[in-house]
Amino acid sequence: KKRVVSGVQPTGSVHLGNYLGAIKNWVLLQDTYETLYFIADLHAITLPYDAPQLAEATRNTAAIYLACGVDTSKASVFVQSHVHAHLELMWLLCSDTPTGWLNRMIQFKEKSRKAGDENIGAALLTYPVLMAADILLYQSDFVPVGEDQMQHLELTRELAEKMNQLYGGRKWKKLGGKGGALFKVPEALIQPAGARVMSLTDGLSKMSKSAPSDMSRINLLDPKDVIANKIKRCKTDSPPGLEFDNPERPECNNLLSIYQLVTGRTKEEVALECQNMNWGTFKIVLTDALVNHLRPIQNRYEEIIADPAYLDQILSDGAAKAAELAESTLTNIYQAKGFLRRS
Ligand code: ATP
Ligand code: MG
């Protein structure tokens, strides 16, 4: 079976962008592929964060995965920091990652600009190397992510190729290895619909957990009245009627796309249904659709979070399985980079 790996950071509330761009697709993939879904807690400390909240956020994020339909009889769910190999491989990759590659990353530039220079730790810069380790460790074939991660995934691919060239093949064989590629070069799986859900307050920025205003996103656990209020106050525009794909109307396109995705209708159906609507009418329809779509997820979440022992067991099983899969990659790369074997 081909392998799929992906994760979400426990940096805040999981929102509609994380769900439509990533988690919803995970659920479809678990039937066909060997799937590993982790909670990216090591990534969550790349910007200043609240230590007393990290553990709970990690647990809640795991519960969200399950509530969204990730099925642990098919997929492994684990906490990134519980599998030490992620950090080990990261360091081994760091020595071959040019800092120029990292300085070019759009997310690094954006997040460091927003955080202000004095708040930038080295981990924000090296974040993509950890992400590469997350993926390459498991010899993943596919990585389902939103469009914002495309550049990081491209770096992962380049790094895999570079490592294979530097240390793989005959050179590895000479050091006692089996030769050939050390790493599989993974491919991004980006579903065009939902790949880039935009902020409710600005149709040109993506919806983000780390955006300061909670009004900019719909969180999966938002109660009905909160959703209604956010939709009521979200940014709109004045032309009559509603339409997709008008570059002058990014908010309109975003809200229609969200509506399309949560109702499961086609774009054509939604375009037709909404072409003559005004914002007032559409906002009511959209709020209902969101509330209805999220209700079963929220109900399942409440059940899961009420049983911490069950969740702990899942995370512990998941970590054991992942650690086992990670071991051979790690052994190979130590060998290929010339380290003295533990005896
Ligand atoms: P942060 O602001 O802390 O970076 P985030 O909202 O970007 O949080 P991540 O944990 O970084 O969320 O990303 C988790 C997954 O969700 C990734 O696959 C990412 O591509 C996807 N994703 C994040 N935001 C969006 C969005 N607005 N639309 C579609 N997919 C998204
Ligand atoms: Mg992000």
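1. Helix H3 (residues 85–94) and helix H6 (residues 122–136) have axes that come within 8 Å and cross at roughly 120°. Axes here are lines fitted to C-alpha atoms, for helices over the stretch in contact, and angles run from 0 to 180 degrees between N-to-C directions. Helices (H or I, at least four residues) and strands (E, at least two) are DSSP runs, numbered from the N terminus. H3 and H6 are therefore oblique to each other. Angles under 35 degrees count as roughly parallel, over 145 as roughly antiparallel, 65 to 115 as roughly perpendicular and the rest as oblique. H3 passes H6 in a right-handed crossing; a crossing is left-handed if the near helix is turned anticlockwise from the far one by less than a right angle, and right-handed if clockwise.

2. This is a predicted model: local features need pLDDT of at least 70, side-chain atom pairs count only at pLDDT 80 or more, and totals for chains, interfaces and linings use all residues. Residues are numbered from 1 along each chain as its sequence is written, while chains are lettered from A and ligands numbered from 1 in the order in which they are written.

3. On the H3 side of the H3–H6 contact sit His86, Leu89, Met90, Leu93 and Cys94. H6 brings Thr126, Val129, Leu130, Ala132, Ala133, Asp134 and Leu136. Two residues are in contact if their C-beta atoms, placed from the backbone, lie within 7 Å. The H3–H6 contact residues divide into nine nonpolar, two polar and one charged. Ala, Val, Leu, Ile, Met, Phe, Trp, Tyr, Cys and Pro count as nonpolar, Asp, Glu, Lys and Arg as charged, and the others, Gly among them, as polar.

4. Helix H10 (residues 250–263) packs on helix H11 (residues 267–274) at an angle of about 120°, axes 10 Å apart. The pair is therefore oblique. The crossing of H10 and H11 is right-handed. Leu256, Tyr259 and Gln260 of H10 make the contact with Lys267, Val270 and Cys274 of H11. By class, that contact has four nonpolar, one polar and one charged residues.

5. H10 also crosses helix H12 (residues 279–305), at roughly 40°, with the axes coming within 9 Å. That makes H10 oblique to H12. This crossing of H10 and H12 is left-handed. Leu255, Tyr259, Val262 and Thr263 in H10 meet Leu286, Ala289, Leu290 and His293 in H12. The contact of H10 with H12 has six nonpolar, two polar and no charged residues.

6. Ligand 1 is surrounded by 19 residues. The closest are Gly17, Gly21, Val145, Gly146 and Ser210. A residue is near a molecule if its C-beta atom, placed from the backbone, lies within 6 Å of it. Helix H1 (residues 16–29) gives the largest share of the shell, four residues. By class, the shell has six nonpolar, nine polar and four charged residues.

7. Overall, the protein has 13 helices and five strands. The C-alpha atoms fill a box of roughly 70 × 45 × 40 Å along the principal axes.
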